[in-house]
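Trainee: Could you walk me through this model, starting with how its helices pack?
Mentor: Gladly; let us look at it together.

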Amino acid sequence: MNRILVVGGAGYIGSHMVQHLLASGHDVVVVDNLTTGYRDAVVGGELVQMDIGDAAALHNLFAGHRFDAVLHFASFIQVGESVAQPGKYYANNLAATLTLLQAMMQAGVKRFIFSSTAAVYGEPSYVPIDEAHTKRPINPYGRSKWMVEQVLEDFDQAFGLKSVCLRYFNAAGADPAGRLGERHEPETHLIPLILQAASGRRKAVTVFGRDYATPDGTCVRDYIHVSDLVEAHARALKYLEQGGKSAAFNLGNGSGFSVQEVIGTAQRVTGRAIEVVDAPRRPGDPPRLVADATIARKVLGWKPLYPELETILAHAWAWELQWPWGNR
Ligand code: UFG
């Protein structure tokens, strides 16, 4: 598998993927509309600035290149925003993805790896969550991802498209070599917000709710290193190359950490005091999300290299200390 199209390759996880693919000898073309991605996060390959909702531009792209597979990272990811602006989420995450899939079918590209999410499960009825858990997403973000997963099943039936949906739990951390990291604007994720409070870029970090039914009352999440996510994609590519059938895999470490535990660990890792402000629950946050990733381990032979929260935080901290990244 040699020529790979990475859609959303200028974003957080996509940019780490591009770096990994180039290092392992693939030819890479990145498509990104740069609305939330950064040109300087694309460390190599060819960058084409375009929107995947643009069918004519896609047609030209596929006419000019032969791709063995497409990896799709381009989506909006803010749950709260998806509730307020559902159209934005369905237009990009669902409709534009459909345009991409149709262009792929026209061009005869039959391998696809999709960034899905634990949000497809909704409020879990048990944890750890396995892939068989019911899918009842509770917001437009999660629904848009689950709808694409269903579209992919239909495209397999109709056209033989082989896909792997990777359901990420909480992506975190940064390139261990320090070249890339998380760079959302605005930032809404817990770990970068904690580290911004540690570095002084932000006055404090807010804890959304201390009255959950968890040991310390704060929400529990399964944080997974971005490099481990990327490695799972590389293995999913190999799996499809070897004739694997369409599948969906959870990606997480299988251990949960509370918001309070993440703050405490960040204090130790950074050696800085972190100011904390309490606030009410954020609507739509399930108390506990922890992955059962047994199937990914078995089928893909995947084993996270950086499962420790300390390591995830240390790499993210090294990246935060390089801010402002744009001026490098
Ligand atoms: N949190 C805070 N304070 C903050 C930010 C977050 O207390 O300032 C808490 C949240 O309430 C949550 C936990 O920290 O309990 C993690 O929050 P994140 O926003 O970092 O991540 P989420 O678990 O909400 O969301 C992540 C992805 C989503 C995805 C979801 C489920 O970012 O894209 O997992 O898969 F939908």
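Mentor: α6 passes α10 in a right-handed crossing; a crossing is right-handed if the near helix is turned clockwise from the far one by less than a right angle, and left-handed if anticlockwise. Helices here are DSSP runs of H or I with at least four residues, strands are runs of E with at least two, and both are numbered from the N terminus. This is a predicted model, where local features need pLDDT of at least 70, side-chain atom pairs count only at pLDDT 80 or more, and totals for chains, interfaces and linings use all residues. Residues are numbered from 1 along each chain as its sequence is written, and side-chain values use heavy atoms, with hydrogens and water left out.

Trainee: At what angle do the axes of α6 and α10 cross?
Mentor: Axes are lines fitted to C-alpha atoms, for helices over the stretch in contact, and angles run from 0 to 180 degrees between N-to-C directions. The axes of α6 and α10 (residues 309-320) come within 10 Å, and their crossing angle is roughly 55°. That makes the two helices oblique, the class left over once angles under 35 degrees count as roughly parallel, over 145 as roughly antiparallel and 65 to 115 as roughly perpendicular. The angle you want is roughly 55°.

Trainee: Which residues of α10 does α6 meet?
Mentor: Contact means heavy atoms within 4.5 Å. From α6, the residues involved are Ile191, Leu195, Gln196, Ala198 and Ser199. By class, this contact has eight nonpolar, two polar and one charged residues, where Ala, Val, Leu, Ile, Met, Phe, Trp, Tyr, Cys and Pro count as nonpolar, Asp, Glu, Lys and Arg as charged, and the others, Gly among them, as polar. On the α10 side they meet Leu309, Ile312, Leu313, Ala316, Trp317 and Glu320.

Trainee: How far apart are the axes of α2 and α4?
Mentor: α2 (residues 55-64) and α4 (residues 86-107) cross in a right-handed way. Ala55, Leu58, His59 and Phe62 in α2 meet residues of α4 including Leu100, Ala103 and Met104. The packing angle is about 35°, and the axes are apart by 10 Å.

Trainee: What distance separates a polar side-chain atom of Arg221 from an oxygen atom of the ligand?
Mentor: The ligand is surrounded by 21 residues, and Arg221 is listed among the closest along with His189, Thr206, Arg282 and Asp285; a residue is near a molecule if one of its heavy atoms lies within 4 Å of it. For Tyr141, a polar side-chain atom lies 3.4 Å from a ligand oxygen atom, and for Ala119 a backbone N or O atom lies 3.3 Å from one. For the polar side-chain atom of Arg221, the distance is 2.7 Å.

Trainee: Where is Pro128, the residue joined to Val127 by a cis peptide bond?
Mentor: The bond from Val127 to Pro128 is cis, with omega near -10°. Pro128 sits in the loop between β5 (111-117) and α5 (140-159).

Note on methods. Polar contact = N/O pair within 3.5 Å; in protein donor to acceptor, adjacent residues only side chain to side chain.
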